[in-house]
There are 2 protein chains.
Amino acid sequence: MAANSKFAVAVHALAVIAHHADQRHTSRAIAGSISTNPVVIRRLLAQLARAGIVESSHGAKGGFRLAKPASKVSLHDVYKAVEDCGALFALHDKKNEKCPVACRMASILEGVFERVESKIMPELKRTSLADIVGQIG
Amino acid sequence: MAANSKFAVAVHALAVIAHHADQRHTSRAIAGSISTNPVVIRRLLAQLARAGIVESSHGAKGGFRLAKPASKVSLHDVYKAVEDCGALFALHDKKNEKCPVACRMASILEGVFERVESKIMPELKRTSLADIVGQIG
DNA sequence: CATAATGTAACCATTATAGTCACATATATG
DNA sequence: CATATATGTGACTATAATGGTTACATTATG
């Protein structure tokens, strides 16, 4: 699987679940659609469960289902649940403390990144899981 | 250095150059401000040179300087030059071809990602290198 | 010619991510 | 209750991306 695809896999997994929202889905079945390992799915869905997006049940006839209607799950909810640090852009951690330019860069870049990222969140909030399922047809 | 910090390092390097735009700057001096290796800087600035943002000269008294005024260099120019694929988000590459949900996901996710990324570009275009230098004071 | 710089290939180190195995725990059902 | 079937998670391995380093050819100055 490609690097940094957690968000894409999470949306895909949720789409599988939401596409037949009346039944429970096992990590094995979901992993089958994505061609990955069931454990990868269980770990990812554990994060989504903690965020109140899905719920799981153990044992026979167990599996995952949505914890609320697909129309109430925005991609922003999914993003927050899955991307731990939330940073699309990253700062560099080292710098020369004696350089006046270097000493200002961290806070300047933080400001830029914050402004940029604030532009994408409304777009993620605007799109719901129901919109995604609608596009599957 | 942190992962995925190319953009941050590029902006930092350009800020060092633009802060004293009248002189040439060696990769050694720039690397000193960022506390990294000169080769890392040369590789990064080579990309910026191809994009027409900086120019370099070899030999004694050589080094880097801006190829155009700092006010004409937007962070979007820098981003394009430095982030090869341009994808903040990544798709997952494997899927089950027999699953109707999986078969639709790639194009659906591409659409979502494209819409999201289109929101940040105006913000990057709005900020110039001169704005950054201005914040150094 | 000596010195000082970039450009780049080749390689190593580090880190992040995905993938896998194993197993404790929980649950439905005959 | 026994069995089969799930999740949850710890521990480990594999892979890929990124940065760092060394080395050296090339180029420019004086």
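In this predicted model, the residues of the surface near DNA strand D comprise 14 polar, eight nonpolar and seven charged ones. A residue counts as near when one of its heavy atoms lies within 4 Å of the strand. Of these 29 residues, the ones that come nearest are A:Ser27, A:Arg43, A:Ser56, A:Gly59 and B:Thr36.

The side chain of A:Arg50 places an N or O atom 3.4 Å from a phosphate oxygen of DNA strand D. Two further contacts concern bases: a backbone N or O atom of A:Ala60 is 3.0 Å from a base oxygen, and a polar side-chain atom of B:Arg43 is 3.0 Å from a base nitrogen. The elements contributing two or more residues to this surface are α3 (38-50), β1 (54-57) and β2 (63-66) of chain A, along with α3 (38-50) of chain B.

Attention now turns to the second largest pocket, whose volume is about 170 Å³. Its lining consists of A:Thr26, A:Ser27, A:Arg42, A:Ala46, A:Ala49, A:Ser56, A:Ser57, A:His58, A:Gly63 and A:Phe64. By class, six of the lining residues are polar, three are nonpolar and one is charged. In chain A, α3, β1 and β2 each provide at least two lining residues, and α3(A) gives the largest share, with three residues.

Terms used: Residues numbered from 1 in each chain as written. Chains lettered and ligands numbered in written order. Predicted model: local features only at pLDDT ≥ 70, side-chain atom pairs only at ≥ 80, totals over all residues. Heavy atoms only, no water. Polar contact = N/O pair within 3.5 Å; in protein donor to acceptor, adjacent residues only side chain to side chain. Helix = DSSP H or I, 4+ residues; strand = E, 2+ residues; numbered from the N terminus. Nonpolar A, V, L, I, M, F, W, Y, C, P; charged D, E, K, R; others polar. 1 Å grid on protein atoms, 1.4 Å probe; cavity = no way out; pocket = protein on both sides within 12 Å on 5 of 7 lines; lining within 4 Å. Points joined across faces, edges and corners; volume = space filled by probe spheres on them.
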